[in-house]
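Here are my notes on this one, point by point. Have the model open while you read.

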Amino acid sequence: MDTEFRDMMAAFPTGVSVVTARDGSAAPRGMTCSSLCSLSVSPPTLLLCLRTGSPTLRAVLSSGAFAVNLLHGEADWVAALFASGAPDRFDRVAWRPAGRTRSPALIEAAHAVAECVLERTHPSGDHAIVVGAVRSVQRYDRESALLYGFRRYGEFSPRVPAVVGDPGAVREREG
């Protein structure tokens, strides 16, 4: 069942984000996350799922805050970097502490960053469901979004009309 479930979910295209937080010693932590959705508009609330035992989840829990960095269409290398577990990932990508929570904002890889404070968590399988209240949103001048589906990255842009059946609406990224 695990293989069938993974294959089914791999065929479900989704946006790509990197969730970041500061741990108890203020060191940056982060991981690629495609399990993200808007839970509420009023008040603005995000729901995401983080792997149990990950340093990023521990940092979110200890700091009570996190940032959701929505990656732009050319940041597939950043998604791969933060999925790799490389210990030097924050040395290899431009970031700065976000204004309110001080969580790392990936200023060159993101098209938008939402700063959140932790509202609650709920354990579920090998992940934790994390609910965060959005305290601020920073938009960057990038007009594309990174997508992931069928185990490949793609790019969606408002400059390209999304017409059903138009193969040019989403451009696949080489990776």
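1. Start with the lining of the largest pocket: by class, there are 17 nonpolar, 11 polar and 9 charged residues. The classes put Ala, Val, Leu, Ile, Met, Phe, Trp, Tyr, Cys and Pro as nonpolar, Asp, Glu, Lys and Arg as charged, and the others, Gly among them, as polar.

2. A word on the ground rules. This is a predicted model, where local features need pLDDT of at least 70 and side-chain atom pairs count only at pLDDT 80 or more, while totals for chains, interfaces and linings use all residues. Numbering runs from 1 along each chain as its sequence is written, and side-chain values use heavy atoms, with hydrogens and water left out.

3. Back to that pocket: the space in it comes to about 1500 Å³, and 37 residues line it, with Thr-32, Cys-33, Ser-34, Ser-35 and His-127 nearest its centre. (A pocket here is an open set of points on a 1 Å grid over the protein atoms alone where a 1.4 Å probe fits, with protein on both sides within 12 Å along at least five of seven lines; lining residues have an atom within 4 Å of a point. The volume is the space filled by probe spheres set on the points.)

4. Which element gives the most to the lining of the largest pocket? That is S3, with 6 residues. Elements supplying at least two include helix H1 (2-10), strand S5 (44-51) and helix H2 (55-63). (Helices, H or I of at least four residues, and strands, E of at least two, are DSSP runs numbered from the N terminus.)

5. Now the packing. The largest nonpolar core holds 17 residues, and Leu-48, Leu-50, Phe-66 and Val-130 have the most contacts inside it. (Such a core is a set of buried Ala, Val, Leu, Ile, Met, Phe, Trp, Tyr and Cys residues joined through side-chain atoms within 4.5 Å; buried means under 20% relative accessible area, exposed over 50%, partly exposed in between, with a 1.4 Å probe and protein chains only.) Apart from this core lies another, of 15 residues, including Leu-71 and Tyr-153.

6. Take a look at Leu-48. Leaving aside neighbours within four places in sequence, its contacts (heavy atoms within 4.5 Å) include Val-19, Cys-33, Phe-66 and Val-130.

7. Some backbone spots to check. The Ser-42 to Pro-43 peptide bond is cis, with omega near 0°, and Pro-43 sits in the loop between strand S4 (36-41) and S5. Ala-26 is not a glycine, yet has a positive phi of about 70°; this residue is in the loop between S2 and S3.
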